[in-house]
Amino acid sequence: MRKKDTDTYIQFYDSPLGELAMRSDGSALIGLGLASQQAAGAAHAGNRRPEKSLPIFQETSRWLDTYFRGRAPSFTPKLKLSGSDFQQRVCEIMLTIPFGETVTYGEIAARIARERGIPRMSAQAVGGAVGANPILIIVPCHRVIGAGGNLTGYGAGMERKIQLLRLEKVDKKNLFMPKEKPAAKK
């Protein structure tokens with residue numbers, strides 16, 4: 001039997017990025033995102049979850065406290081990844097990206113292709129899975145960049161991606177913002 005969405009709990013965390021919403025099933029972290037985005041989703045669904053204090057939220061807060069002090073946490077809170085098998089595999093790979101380092105969508109795609117014994121995997125498919133990451137920061141989708149150092153999109157906003165990379169002291173000399181495409185002529 002599938003758990004209902006009402007079986008989730010929420011707690012908020014004040015961060016340098018803005019207020020974050022942590023979500024749990026009661027034992028593991030199932031979501032971490034900007035509270036403004038979470039609230040918009042809850043408002044759309046017609047409800048807002050009451051906050052609840054849980055050990056997983058205390059553990060996640062400790063992790064975030066360490067991280068926002070500019071240090072790599074020595075532990076990972078208990079996570080429950082969601083999504084397709086492919087999306088979960090991409091999240092597992094992102095969890096292996098060291099603090100202060102980046103990898104490209106293409107590098108993740110090549111790794112999955114090797115694991116599956118296939119000639120190639122689409123970097124765009126990896127991008128879709130990265131974009132579906134429900135646990136920001138801890139599952140470090142901000143450390144995934146485009147080919148040649150292209151700082152492609154980030155669900156929490158490009159300025160926050162840059163802020164996180166700065167916090168981790170990522171070498172930015174070879175990174176660049178994508179140029180905006182000119183508006184189409186009418």
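Analyst: Two elements are in contact when heavy atoms lie within 4.5 Å, and angles run from 0 to 180 degrees between N-to-C directions. In this predicted model, helix α2, residues 55-68, lies across β1, β2 and β3, and runs at about 145 degrees to β2.

User: In what order do the three strands form the open sheet?

Analyst: Strands pair if at least two bridges are found between them. Here the order is β1-β2-β3 in an open sheet with antiparallel pairing, and the edge strands, each pairing on one side only, are β1 (9-15) and β3 (29-34). Neighbouring strands of this sheet are turned by 20 degrees against each other on average, with direction ignored.

User: How many bridges join β1 to β2, and which residue in β2 is the bridge partner of Tyr9?

Analyst: Seven bridges join β1 to β2, which spans residues 18-24, and the two strands run antiparallel; the partner of Tyr9 in β2 is Ser24.

User: Turning to the annotation, which residue does UniProt list for "active site", and where does Cys141 lie?

Analyst: Such annotations may be inferred rather than shown by experiment. The unreviewed UniProt entry lists Cys141 under "active site", and Cys141 lies in the loop between α5 (123-131) and β5 (144-145).

User: Why does Cys141 count as buried?

Analyst: Buried means under 20% relative accessible area. Cys141 counts as buried because its relative accessibility is 5%. Leaving aside neighbours within four places in sequence, Cys141 is in contact with Met94, Val130, Asn133, Leu136, Tyr154 and Lys161.

Notes
Residues numbered from 1 in each chain as written. Predicted model: local features only at pLDDT ≥ 70, side-chain atom pairs only at ≥ 80, totals over all residues. Heavy atoms only, no water. Helix = DSSP H or I, 4+ residues; strand = E, 2+ residues; numbered from the N terminus. Buried < 20%, exposed > 50% of the residue type's maximum accessible area, 1.4 Å probe, protein only.
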